[in-house]
Amino acid sequence: MGTTDLSTAAPSILAVEFGSVDATSLTQNVVAAVLYFVVGIIVFAAGFLLTDLLTPGSLREHIFVQHRPNAVAVACGMYGALSLVTAVAIMSSSAQLGQGLIDALVYGLVAVVLQAAALLVLEALVPGRFRDLITDEKLHPGAIATAVILLAVGGVNAAALS
């Protein structure tokens, strides 16, 4: 049996090819990421404001000061749905940055309106008002159901974009 000469094999195994680094491309991608992040923040802010309008009192107050679990559940359902839709809107947007940003923003804002419409339809179809649950101190199954419905609607919205 022969032996393998590792002195000639080792350099090819250990060699790593880094290639060249394109600073311009890297800079453009970082700028695009920051701009898409800003679009996401705008969509989330619009979603928060619309959810706040559809619920009694200040949603911020209910969540962060009064610690109302139903407000948290509904808000989390809304934000989970909006994050899903926004991510798919960004992935489905144009490869051209300007058009892609506009695409993602418009799709995201349409999703906010559709999510709000889902809340209104839900309130019309189920007994009682989900709005009355928001201020309750105890977690209510209706708030959890509302959150899941919002996530489901967000999934449908996201699928419609792809």
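1. A quick word on terms before the packing: axes are lines fitted to C-alpha atoms, for helices over the stretch in contact, and angles run from 0 to 180 degrees between N-to-C directions. Helices here are DSSP runs (H or I, at least four residues), numbered from the N terminus. This is a predicted model, where local features need pLDDT of at least 70, side-chain atom pairs count only at pLDDT 80 or more, and totals for chains, interfaces and linings use all residues. Residues are numbered from 1 along each chain as its sequence is written, and side-chain values use heavy atoms, with hydrogens and water left out.

2. Helix α5 (residues 97–125) packs on helix α7 (residues 141–161) at about 140 degrees, with the axes 10 Å apart. That makes α5 oblique to α7 (under 35 degrees is roughly parallel, over 145 roughly antiparallel, 65 to 115 roughly perpendicular, the rest oblique). In contact terms (heavy atoms within 4.5 Å), the α5 side includes Y107 and L122, and the α7 side includes T146 and L161. The residues of this contact divide into 10 nonpolar, four polar and no charged.

3. Now for α4 and α7: their angle is about 10 degrees and their axes lie 8 Å apart. That makes α4 roughly parallel to α7. Among the α4 residues that meet α7 are N70, G77 and S92, with A143, G155 and A158 among their counterparts. This contact has 14 nonpolar, eight polar and no charged residues.

4. Do have a look at T86, found in helix α4 (residues 69–92). T86 is buried, at a relative accessible area of 5% (buried means under 20%, exposed over 50%, partly exposed in between, with a 1.4 Å probe and protein chains only). Leaving aside neighbours within four places in sequence, T86 is in contact with G40, V43 and F44.

Methods
Helices (H or I, at least four residues) and strands (E, at least two) are DSSP runs, numbered from the N terminus. Ala, Val, Leu, Ile, Met, Phe, Trp, Tyr, Cys and Pro count as nonpolar, Asp, Glu, Lys and Arg as charged, and the others, Gly among them, as polar.
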